[in-house]
Amino acid sequence: MKTYIKTIALPMLAMAGLLTTSCELTEDNPHAGDASIQSFQSWEGLQKYCYSCLNDELYTASDWMISSEGGTDLWVAKANGDGYRADFYYESFSTNNNSTKKLWQQCYSMITNCNTVINEADKLIDGDPDVIRILVAEAKVLRGFYNYLLVSNFGPVTLNLESSASLTGNTNLRPSRSSEKDFYNQIEKDLTEAIPELGVTPYDDNKARVTKKTAIGLLARVYAQRAGLGKKYGDAEKYWKLAAETAEELINNAGTYGAYLYTDIADMWADANNRSNREALFIAGGADSNSEAFSATVKRNKLLAYSSGGLYDDLFGHNPTKNGQCYFYGRYNQQVWMPSKYLLYCFNPEWDRRWEYTFIYGWSDFSMEQCGWAAYKTGQKKLTEALCTKYGIDASHIDETIYPYADCDGKPSSFGGNQFPAKIWPKGETSGDVSKLLRVASSTAEFGQEGVAPTTKAYAIPYPIAVDDNRFNTVYVHEPVSAADKAKSTYVTVVLSDLFGSNGMPYGSTVNGSEAGNPPAIGNGTTNAGSCPSFHKFNWSYDGVFDNDLQRKNGDMFIMRMAEIYLLAAEARQMLGDGKTAAGHLNVLRKRAARPGTPESSWKLANATEDDIFDEYAREMCGEFTRWALFKRHNAFETRLPKYNPRAAKSFKAQYYNRPVSSDFLSTILNDQEYGDNGYGQTANSGIENIDK
């Protein structure tokens, strides 16, 4: 007798794969016998659930962010501390590492769901065949994506193509590994089969669903990652060529596939474009996605709470770091990472507007005059003799006032809590008259219009900040500034290089290699060693983005966007020896980032080197979950870590090219010693020695 699994049973199916390989080890009912899904409604519900971990965990929480970007040249622990030391520095890196365990569990769980959707589709007794075909194709793209995350991070683990054990009754407690070649062949098969079946517009007009351009973009990324195994398999040129051709197919025929690249970086990161971003190829949808399933499972992005260094508390009227909340910036109470010196100096803000659209480099206070919650004067700070002495501000500024930069509204909303979108106080305006406020531009086409601020994002402060701008209390600059020049402004001027010692590590923990506990050149050595520009790609200020607390925002996260396709094309051409073509692809991105009026000679490349590729990825994609994979496919850990992250270089070992197999998984299977842990010491063998032999 057949058992019809209703929608209510979906959580059981989803949980069934948490530790799966070809087996499902946390089955609620591992002996379900000949159960099957025959109802389209139940099957479709499981298909929707295949998206769930994207916005439920992977792209809205810190673990995957820190794991996918940490341990490279981009990020270091705040004040060189011990937070996430395994992910940032490979210290005490083990099979118990929380970030990689979560990635393992989430991917295998979703792969099992995708398998069930794909394998059970031909058993459905109802449903539109054309719709079923599209949804199967979506499941293949998602399975390919999750398998890509697994193989690129963990190497030769287990390729699982079986439906849930609650349907098959199969529980294998002695799983075997699969080769990386087999993984990539299956991923390529899934993506290439899906491309002709998917539409240019998403099914059900739901922007959170994958489309044809998603599959092509992911295929280019997969080919590039597979090319990194070319020395092992002897086919690097083949896969770099496939990566180049696939990326260029999407570039050259963007209109056919519905793909788009904004011509100005300010439009790419505009607050107004977050929920309808034309450059996005693949998103983790926010709470307003038009599918109930996506909306019901989303846990809102809380990455903004991690992506900041400390502030100079005594320069704020509202003192946002001490009271733990700020209606303008959000709740910055879990600061664990800061940009490396390499990353900060990748940017040349004289020509590159990606600087201010990536980092808050000028800190300010705020008011809430629009709603009457906080008067203009509450965001003001009068400079005292003590403050001027502490921060090297000239005595002529004593009793002068630092005024708010932003004013936040406060209004009830159906989006899940009060909304606090910001407007900008004009430079020189000190009356607190709300009629003078400037709204954030919805696009660069509005720049220069009356009543509109010259920025498309509330946190992107137009560069440079003038010496006489009294809306800021702290400004970070790249080039050295004399003490006499620093003293001219009412804000504290911090030279970025002064945050780091001669070994390139930030000031902070001397036990971990810092030269001193605090930067001696700033505030007489008494300020917070973790103070730094704040990464703000995942922080927005618009009506609808605010959640019911200030630690989370509801914005859409980009899993992949069109700029990466240009980078992949450039990377592949450079690896094939064609630096000129590679430079052409990079120049498209550099041109749109250039400030209006900047001479072409400032940004245009004639020939691209491998270092140029790494630098451009840093400028364009930092913080977007791509850096560790880039390092792996270029075998770059041993060459770049000693130059840009010496603390990580000290602990890095060759086996760390593959993440540790989850200890939870190993403790459940019966052949853990044979399966191995990828060389992290829980098992006698790594388990990968004889794969491919």
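A contact here means heavy atoms within 4.5 Å. On that basis, residues 24 or more positions apart account for 73% of the contacts in the chain with a separation of 6 or more. This is a predicted model, in which local features need pLDDT of at least 70 and side-chain atom pairs count only at pLDDT 80 or more, while totals for chains, interfaces and linings use all residues. Residues are numbered from 1 along each chain as its sequence is written, and side-chain values use heavy atoms, with hydrogens and water left out.

**Whole chain**
- The chain has 26 helices and 16 strands, where helices (H or I, at least four residues) and strands (E, at least two) are DSSP runs numbered from the N terminus.
- Of its 693 residues, 63% count as buried, a word that stands for under 20% relative accessible area with a 1.4 Å probe, protein chains only.

**A three-stranded sheet**
- Strands in the order S5-S13-S14 form an open sheet with mixed pairing, and two strands pair if DSSP finds at least two bridges between them.
- Strand S5 (362-363) and strand S14 (492-495) stand at the edges with a single partner strand each, so one side of each has no neighbour in the sheet.
- Strand S13 (residues 474-477) pairs with S14 in the parallel sense over four bridges, and Val477 stands opposite Val495 in S14.

**Thr211**
- Thr211 lies in the loop between helix H9 (180-194) and helix H10 (212-227), and Thr211 is buried, with a relative accessible area of 4%.
- Leaving aside residues up to four places away in sequence, Thr211 touches Leu198, Gly199, Val200, Thr201 and Pro202.
- The C-alpha atoms of Thr211 and Val141 are separated by 8.9 Å, although these residues are 70 residues apart along the chain.

Technical notes: Buried means under 20% relative accessible area, exposed over 50%, partly exposed in between (1.4 Å probe, protein chains only).
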